[in-house]
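Q: I have a new structure to read. Could you walk me through its features, one by one?

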Amino acid sequence: MNYIIKILVIFIVSISFLFGFNLKDGFELALKNDMEFETNRNNLKTIKLDQEIAESLLNSSIDFSATVEANKLTQDDLSFGSEPLSKTDEYKVELNKPLFDGFESKFEQKLQEERFKSAVYYLKQSKDNVALNYITAYVNTLREKDLLNLSKENLEITKKILNKVQKKVESGYGTKLEFEEARSNFAESKVNLNIQKINLKESIENLKLYVQTEFDTSELEKP
């Protein structure tokens with residue numbers, strides 16, 4: 001009894017890790033798991049920071065500093081003639097204006113602007129590549145699944161035909177050639193079904209490369 005319960009628990013846990021996703025949600029997973037896209041996105045953030053620093057070279061800045069000092073008497077100092085609590089406040093504001101640097105700041109600003117444009121392009125390119133490859137894998141999985149269902153239906157049809165032809169032959173109304181043809185079609189249908197099972201398995205593994213998770217093909221939504 002305990003063994004059966006353990007088997008049921010393992011089965012339920014394994015099923016809980018299977019889920020479906022639509023085309024959009026799966027694409028978000030594919031982007032998250034793509035190293036090239038993540039690298040380009042982080043590179044864009046770094047260049048954006050460099051661009052902001054370059055732009056600040058041409059702007060004035062204000063520095064503010066403050067000093068606060070306070071002295072408090074201890075219990076031993078609480079005697080006649082002791083000085084009261086003292087406090088000192090100092091504030092300083094400075095306006096810094098950039099000096100002429102031979103247009104180097106403008107060149108640096110232009111350089112970072114072009115780097116930023118290039119980073120945006122490569123980020124978009126990597127995103128488009130993920131989209132193309134992921135959508136192709138998603139559609140192929142749906143297609144191979146439909147083809148597998150057709151192969152199963154075709155196998156059932158050829159099996160029924162074979163049974164009918166066999167009964168005809170046994171009753172003396174069918175020919176040997178007709179029977180051999182029906183048997184050949186049935187055998188071919190079985191081979192096609194096995195091949196289609198392999199094709200579907202390969203398409204699932206290919207799609208898993210992008211989403212990096214187990215999923216149930218019955219939950220996939222057709223776009």
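A: D128 and K124 both sit in helix α4, four residues apart, about one turn of the helix. Helices here are DSSP runs of H or I with at least four residues, strands are runs of E with at least two, and both are numbered from the N terminus. This is a predicted model: local features need pLDDT of at least 70, side-chain atom pairs count only at pLDDT 80 or more, and totals for chains, interfaces and linings use all residues. Residues are numbered from 1 along each chain as its sequence is written, and side-chain values use heavy atoms, with hydrogens and water left out.

Q: Why does a spacing of three or four places matter in a helix?
A: An α-helix has 3.6 residues a turn, so residues three or four places apart point the same way. Side chains of opposite charge can pair when their charged atoms come close. D128 forms a salt bridge with K124, with the closest N and O atoms 3.2 Å apart. A salt bridge is a side-chain nitrogen of Lys or Arg within 4 Å of a carboxyl oxygen of Asp or Glu.

Q: Is K124 buried or exposed?
A: Read the relative accessible area: buried is under 20%, exposed is over 50%, and partly exposed lies in between (1.4 Å probe, protein chains only). K124 has 52% relative accessibility, so K124 counts as exposed. D128 has 38% and is partly exposed.

Q: Which residue does K117 meet in a salt bridge?
A: The partner is E114, at 3.9 Å from N to O. K117 and E114 are three residues apart in helix α4 (residues 104–171), so about one helical turn separates them. Both are partly exposed: K117 at 45% relative accessibility, E114 at 38%. A network of salt bridges links K110, E113, E114 and K117.

Q: What span does α5 reach?
A: Compare the span with the expected one, which is 1.5 Å times one less than the number of residues. α5 has 36 residues and reaches 53 Å from its first C-alpha to its last, close to the expected 52 Å. Buried residues in α5 include F179, A182, F186 and L193. Q212 follows α5 and has a positive phi, near 55°.

Q: Where is N40, and what does N40 touch?
A: N40 lies in helix α3 (residues 35–56). N40 counts as buried, at 16% relative accessibility. A contact means heavy atoms within 4.5 Å. Leaving out residues up to four places away in sequence, N40 touches Y122, L123 and S126. The N40 side chain reaches the backbone oxygen of Y122 at 3.4 Å.

Q: What about the whole protein?
A: The protein has five helices and two strands. From the N terminus on, they run α-α-α-β-β-α-α. Of its 223 residues, 21% count as buried. Among contacts with a separation of 6 or more, 80% come from residues 24 or more positions apart.

Conventions
A polar contact is a pair of N or O atoms within 3.5 Å; within protein, one must be able to donate a hydrogen and the other to accept it, and residues adjacent in sequence count only if both atoms are side-chain atoms.
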